[in-house]
Amino acid sequence: MAWLPLLGTLLGAVIALGSALLVERRRERRQDVIDHRKAKQDVYARYLSAHAECRTQLRILSLASDLSDEERSRRAFTAYAACYAARYELAVLAPQPVLTPAKEFDRHARDLRDLVIEGTTTPNQNHPQGDGRMQPYLGAMDRVHAAMRADLGADEYS
């Protein structure tokens, strides 16, 4: 019967090791969720920042009357160029409920870029009684914001 204490010790060690591994695995999963959420926050912020900068540059270009058509076109394409990298980052990390409105938003941003290239002055977003060309863009932007906030669960903490 000398083996009974040894068996009890071995069983205790197996239980302790198993519970330690289980606790560690749960901690790793929780940390993975936190890291994934942080990565999405960063990608979403870069995406929205790139579009905000593009919108600002396009607005400035639309008001600049002293530019040649070629220069306006070059600057408009350059203004939108930063949105490409942000869109590709988003495509890797974001779920479909975010990607769908983001693709629509990108399409409206390109439409806005094309209006500026044509030499059209964009209406002021603070005056919605303009010709309505900004409204689809602003609506798409609101849908992207809402999708990103929903994905991050931002409203759950408010």
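**Helix packing and salt bridges in a predicted model**

Arg-27 is partly exposed, with a relative accessible area of 40%; on this scale, buried means under 20% relative accessible area, exposed means over 50%, and partly exposed lies in between (1.4 Å probe, protein chains only). The structure is a predicted model, in which local features need pLDDT of at least 70 and side-chain atom pairs count only at pLDDT 80 or more, while totals for chains, interfaces and linings use all residues. Residues are numbered from 1 along each chain as its sequence is written, and side-chain values use heavy atoms, with hydrogens and water left out.

**Salt bridges**

- The whole structure holds 10 salt bridges, each being a side-chain nitrogen of Lys or Arg within 4 Å of a carboxyl oxygen of Asp or Glu.
- Arg-27 pairs with Glu-24 in one of them, with the closest N and O atoms 2.5 Å apart.
- Glu-24 and Arg-27 are separated by about one helical turn because they stand three residues apart in helix α1; helices (H or I, at least four residues) and strands (E, at least two) are DSSP runs numbered from the N terminus.
- Glu-24 has 31% relative accessibility and therefore counts as partly exposed.
- Helix α1 also holds Arg-25 and Glu-28, three residues apart, about one turn of the helix, and their side chains form a salt bridge (3.5 Å, N to O).
- Arg-25 is partly exposed at 40% relative accessible area, and Glu-28 is partly exposed at 33%.
- In helix α2, Arg-74 and Glu-71 lie three residues apart, about one turn of the helix.
- Salt bridges with shared partners link Glu-71, Arg-74 and Arg-75 into one network.
- The closest N and O atoms of the salt bridge between Arg-74 and Glu-71 are 2.6 Å apart.

**Nonpolar core**

- A nonpolar core is a set of buried Ala, Val, Leu, Ile, Met, Phe, Trp, Tyr and Cys residues joined through side-chain atoms within 4.5 Å.
- The largest such core has 34 residues, of which Tyr-44, Tyr-47, Leu-58 and Leu-90 touch the most other members.
- Two or more residues of this core come from each of α1 (3–63), α2 (69–93), α3 (96–117) and α4 (134–152).
- Beyond its neighbours within four places in sequence, Tyr-44 is in contact (heavy atoms within 4.5 Å) with residues including Leu-90, Pro-95, Val-98 and Met-148.

**Helix α4**

- Helix α4 has 19 residues and reaches 27 Å from its first C-alpha to its last, close to the 27 Å expected at 1.5 Å a residue; the expected span is 1.5 Å times one less than the number of residues.
- Among the buried residues of α4 are Tyr-137, Leu-138, Met-141, Val-144 and Met-148.
- The buried residues of α4 pack against α1, α2 and α3.
- Gly-153, with a positive phi near 70°, follows α4.
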